[in-house]
Amino acid sequence: MSTYNFGNVNGPANFGDHGQIQINHAHPDLPTMMDLTERLIETLRAEYPQLVPQGEIILAQFQESADDGLPPNRGRIRSALETIAIAASAGTGSLAFTQQLFSALGL
C-alpha cells in the first residue's frame, strides 16, 4: 500500500486534479494547419519521399476546407497521418510533425 498523497481523488483515474478534467481541443486556424502540413511535406521529401502523397492529401483537405468554408475531412486526414506514423521512424522530423498534427486536430 502506498502512502503517496494523490490529492483530491474524484472518481476512477481522476487523481490530483481536484475533480476537474479539462479537455480542450481548440483547433488552430487553417493557415497554421496548412503551414504545419507544408513543413511536414518538406520533411517527408527529405526523409520518406514515398510518403509525400500522404502529406499532399492532408494539405488538399485543408485547402478544400479553406475554399468551401466547411470543416476538413478528418477521416481522410487521420488515415493519411496514420499511414505516415506507421512508416516513420522514432526521432524523425516526419513523425514529430505527424504527432503535432494529431494533437492539434484532437485525433
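This is a predicted model: local features need pLDDT of at least 70, side-chain atom pairs count only at pLDDT 80 or more; totals for chains, interfaces and linings use all residues.
Let me begin with the largest nonpolar core, which has 23 residues, and among these L40, L44, I58, F62, L81 and L101 touch the most other members. By a nonpolar core I mean a set of buried Ala, Val, Leu, Ile, Met, Phe, Trp, Tyr and Cys residues joined through side-chain atoms within 4.5 Å, where buried stands for under 20% relative accessible area, exposed for over 50%, and partly exposed for what lies in between, using a 1.4 Å probe and protein chains only. At least two residues of this core come from each of α1 (30-47), α2 (52-68), α3 (74-87) and α4 (93-105), the helices being DSSP runs of H or I with at least four residues, and strands being runs of E with at least two, numbered from the N terminus.

Residues are numbered from 1 along each chain as its sequence is written, and side-chain values use heavy atoms, with hydrogens and water left out.

As for the overall layout, the protein has 4 helices and 0 strands, and buried residues make up 30% of its 107 residues.

Which residues does L101 contact, leaving aside neighbours within four places in sequence? They are M33, L36, T37, L40, F62 and L81, contact meaning heavy atoms within 4.5 Å.

Finally, E56 sits in helix α2 and is partly exposed, with a relative accessible area of 40%. Not counting residues up to four places away in sequence, E56 touches I41 and R45.
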